[in-house]
Amino acid sequence: GFAIEINYWRHLHVDYPPFMQSVIDVFDGATWVRVFETGSVCVNDAAWFNHIIDVSEHTNALFRVRFGFNTASGVFLTPNWSVDDFSVIVVSSSAGITVELDTQPDNGADVQFTHNIQTQGAFTLDDDTDATYGNNVTLTPAKPGQYRVTLQGLPVNHRLEAIECDSDDVTVQLD
């Protein structure tokens with residue numbers, strides 16, 4: 001599967017409603033749909049802020065994005081939107097993270113892992129022919145991000161030989 005996201009950096013300064021409201025709308029092919037609006041407080045970003053919005057349900061051949069604002073009498077004048085590095089991104093969510101256990105010596109010790117990929121979870125692998133646990137598991141994140149798989153400990157005198165991912169889009173960082 002895939003998701004469509006708008007990604008941009010913002011530096012936003014907005015008075016509170018009803019005096020001012022900043023919005024982002026997308027065109028779904030028939031109507032403009034609001035995907036972001038400032039809440040009921042003033043916004044005064046102290047620095048540039050990266051903002052990502054999933055717009056998958058609204059994309060189509062006529063897809064458009066607009067940044068806007070509304071003002072009313074009595075508004076405190078502020079700079080409003082500053083937007084930079086705007087992009088529309090197609091994000092693949094089908095890439096799985098495969099953890100394969102290969103230990104030396106190969107004597108079938110059960111090894112425990114924890115992870116935060118789909119939800120917090122745990123699994124056990126073992127690299128012998130015993131059918132109780134397999135030697136690999138594939139977990140598919142709901143969306144791209146940074147995820148952690150933690151080895152809970154190897155048996156004495158064992159070493160981990162490899163951790164592999166099944167996608168070129170995934171980077172493995174060992175801590």
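**Briefing on the predicted model**

Phenylalanine 86 is located in strand 8, which covers residues 83-92. The structure is a predicted model. The protein chain has 175 residues, of which 31% count as buried. Its secondary structure consists of 15 strands and 0 helices.

**The chain as a whole**

- The protein chain exposes about 10800 Å², and carbon and sulfur atoms supply 50% of that area.
- Among contacts between residues at least 6 apart in sequence, 73% join residues at least 24 apart.

- Together with Val83 and Val88, Phe86 forms a nonpolar patch on the surface, and the three have about 230 Å² of accessible area together.
- Aspartate 85 is also found in strand 8.
- Aspartate 85 is exposed, because its relative accessible area is 52% and the cut-off for exposed is over 50%.
- The phi of aspartate 85 is positive, about 50°, although this residue is not a glycine.
- Most residues other than glycine have a negative phi.

**Nonpolar cores**

- In soluble globular proteins, nonpolar side chains tend to be buried together.
- The largest nonpolar core has 15 residues, and Ile6, Ile24, Ile53, Val55 and Trp81 touch the most other members.
- Strand 1 (2-10), strand 3 (20-27) and strand 4 (32-37) each supply at least two residues of this core.
- Another core lies apart from it and has 8 residues, among them Ile97, Val99, Phe113 and Leu139.
- Beyond residues up to four places away in sequence, valine 55 touches Ile4, Glu5, Ile6, Val26, Val35 and Phe63.

**Aspartate 25 and the salt-bridge network**

- A search of the whole structure finds 4 salt bridges.
- Asp25, Arg34, Glu37 and Arg66 are linked in a network of salt bridges.
- Side chains of opposite charge can pair when their charged atoms come close.
- Aspartate 25 lies in strand 3 and is buried, with a relative accessible area of 4%.
- Arginine 34 forms a salt bridge with aspartate 25, with the closest N and O atoms 2.7 Å apart.
- A salt bridge also joins aspartate 25 to arginine 66, where the closest N and O atoms are 3.1 Å apart.
- Because aspartate 25 lies in strand 3 and arginine 66 in strand 7, this pair ties together parts that are 41 residues apart in sequence.
- Arginine 34 meets glutamate 37 in a further salt bridge, at 3.7 Å from N to O.
- Apart from residues up to four places away in sequence, aspartate 25 touches Trp32, Val33, Arg34, Arg64, Val65 and Arg66.

**Glutamine 21**

- A polar atom of the glutamine 21 side chain lies 3.3 Å from the backbone oxygen of threonine 38.
- With residues up to four places away in sequence not counted, glutamine 21 touches Val14, Glu37, Thr38, Gly68, Phe69 and Asn70.
- The C-alpha atoms of glutamine 21 and valine 43 are separated by 9.6 Å, and the two residues are 22 residues apart along the chain.

**Two loop residues**

- Glycine 29 lies in the loop between strand 3 and strand 4 and counts as partly exposed at 33% relative accessibility.
- Leaving aside neighbours within four places in sequence, glycine 29 is in contact with Asn60 and Leu62.
- Glycine 29 and leucine 62 are 33 residues apart along the chain, and their C-alpha atoms are separated by 5.3 Å.
- Histidine 58 has its place in the loop between strand 6 (49-54) and strand 7 (64-71).
- Histidine 58 is buried, because its relative accessible area is 13% and buried means under 20%.
- Leaving aside neighbours within four places in sequence, histidine 58 is in contact with Val26, Phe27, Asp28, Val33, Val35 and Phe63.

Key. Residues are numbered from 1 along each chain as its sequence is written. This is a predicted model: local features need pLDDT of at least 70, side-chain atom pairs count only at pLDDT 80 or more; totals for chains, interfaces and linings use all residues. Side-chain values use heavy atoms; hydrogens and water are left out. A nonpolar core is a set of buried Ala, Val, Leu, Ile, Met, Phe, Trp, Tyr and Cys residues joined through side-chain atoms within 4.5 Å. Buried means under 20% relative accessible area, exposed over 50%, partly exposed in between (1.4 Å probe, protein chains only). Helices (H or I, at least four residues) and strands (E, at least two) are DSSP runs, numbered from the N terminus. Contact means heavy atoms within 4.5 Å. Patches are made of residues with over 30% relative accessible area and no salt bridge: like charges are joined within 9 Å, nonpolar side chains (Val, Leu, Ile, Met, Phe, Trp, Tyr) within 5 Å. Accessible areas come from the Shrake-Rupley method with a 1.4 Å probe; for residues, only the protein chains shown count as cover. A salt bridge is a side-chain nitrogen of Lys or Arg within 4 Å of a carboxyl oxygen of Asp or Glu. A polar contact is a pair of N or O atoms within 3.5 Å; within protein, one must be able to donate a hydrogen and the other to accept it, and residues adjacent in sequence count only if both atoms are side-chain atoms.
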